[in-house]
Amino acid sequence: MRLHSPPLAAPSLEESPSRLPMFRATLPPSDSLQPYLRRLDDSRHYSNFGELGAELTHRLANAVGCMDRQLVLTSSGTAALVAAILACAGRATSERPYCLLPAYTFAATAFAAEMCGYELRFVDVGEGQWWIDPRALVEHPLLNRAGLVVPVCPYGAPIPMASWQDFHDSTGVSVVIDGAAAFEQLLSGSLQISRNVPVALSFHATKPFATGEGGAVVCRDSRRIAAAYQSINFGMLGERKSRTAGFNGKMSEYHAAVGLAELDGWASKATEFKKVADQYRQAFEARGLAGKLVTAPLIASSYILFVANDASEGASITQGLREAGIEYRYWYGQGLHFEPYFAEAARDELGITNALAPTIIGLPAASDLRPEAISRVANAIDAALGCA
């Protein structure tokens, strides 16, 4: 799989036979899809909440410890975010036009809020962490004009859900969690499902659990899930009348088929991802670099991250990776405020984000990445640090 390169990603090395790609997705093989596709042939129900979608909803809800009515599938992770925002906060109003969100995230977080009419206000992450601190936002000068806060689970890492529930309860401001890569954290219980603060998930091919494209909204409050369901169905619920803001955000039955086959093989895939993370840790520990490596289970298993001491060291490492024919990625770029489209967006002082972003380097990852490839990455970084 070829990914579009965000700012500061390695240049394409696709023509080189020795290139080590950044990420190669693994989805269920076509043979495993056939039983589900035959059911589509029989039912001729290809979209609009068919039986495969209902089965996937049930199996996913059971896996993460909630009821069917507390989870709704969507066509993408971005659609999940938009649906959750419309369900909880609705579209922006003149009294509360702002969305507070971290600058350190992927562009989808901001685009989803914009699609619901919100003006963006980028805030800084907390000292010593990669996510925004709810305690800091309680005193934010724009809080009384904010209709929405979108915290992010960076790289799928768990964030303090109870604190965000308390923030919502005490301020009345709607909170939607961008947990795009946090499916594994929900499975393990490291990320709790909140009473009425929803989590939006992505099942994109770059995520550990993947349907190719897809997503879900999860929340204990079944009324909010019903509202999210309504929003992805053109504002219709129980009758063919659009009564709320909506769009077409439903997961197709074809993607549900992929999701069901993915669940069938999930235990094996999860084991393979764990093996890769273990091998990375062993390779970097052998070179005295284990303390700078971040892998699952702290983050989603589709990410392998190296944390440089500062921007200068990060630049040395990425130069070494390029010279060794190894792709890398700054998954969140240098922060959304450096993206051309968001350059004029309102922002707080972003000193922590500015220092952090150049240091978090994404390394090659895949469920079938071989030990020799991992050693190659570790050797390149070790050599780069030795020359720095």
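1. In which helix do Trp164 and Phe167 both lie, and how many residues apart are they? Both belong to helix α6 (residues 161–171), where three residues, about one turn of the helix, separate them. Helices (H or I, at least four residues) and strands (E, at least two) are DSSP runs numbered from the N terminus.

2. Basis of the values. The structure is a predicted model, in which local features need pLDDT of at least 70 and side-chain atom pairs count only at pLDDT 80 or more, whereas totals for chains, interfaces and linings use all residues. Residues are numbered from 1 along each chain as its sequence is written, and side-chain values use heavy atoms, with hydrogens and water left out.

3. Overall form. The protein chain contains 13 helices and twelve strands. Along the principal axes, the C-alpha atoms fill a box of roughly 65 × 55 × 35 Å.

4. Burial and surface. Of the 388 residues in the protein chain, 56% count as buried. Buried means under 20% relative accessible area, exposed over 50%, and partly exposed in between (1.4 Å probe, protein chains only). The accessible surface of the protein chain is about 16,400 Å², and carbon and sulfur atoms account for 51% of that area. Accessible areas come from the Shrake-Rupley method with a 1.4 Å probe; for residues, only the protein chains shown count as cover.

5. Contacts along the sequence. Among contacts in the protein chain with a separation of 6 or more, 72% join residues 24 or more positions apart. Contact means heavy atoms within 4.5 Å.

6. Aromatic pairs. A search of the whole structure finds 21 aromatic pairs. The Trp164 and Phe167 rings form an edge-to-face pair, because their centres are 5.3 Å apart and their planes stand at 70°. Rings of Phe, Tyr and Trp (its six-membered ring) pair if their centres lie within 6.5 Å; planes under 30 degrees apart count as stacked, over 60 as edge-to-face and the rest as tilted. Trp164 is buried, at a relative accessible area of 0%, and Phe167 is buried at 2%. Tyr328 and Tyr330 likewise form an edge-to-face pair, with 6.2 Å centre to centre and 90° between the planes.

7. Aromatic cluster. Which residues form one aromatic cluster? The members are Tyr104, Trp130, Tyr155, Tyr303, Trp331 and Tyr332.

8. Surroundings of Thr318. Thr318 is found in helix α11 (residues 311–323) and counts as buried, at 5% relative accessibility. Leaving aside neighbours within four places in sequence, Thr318 is in contact with Tyr328, Tyr330 and Ile361.

9. Gly212 and Ser76 are 136 residues apart in sequence and 9.2 Å apart in space, C-alpha to C-alpha.
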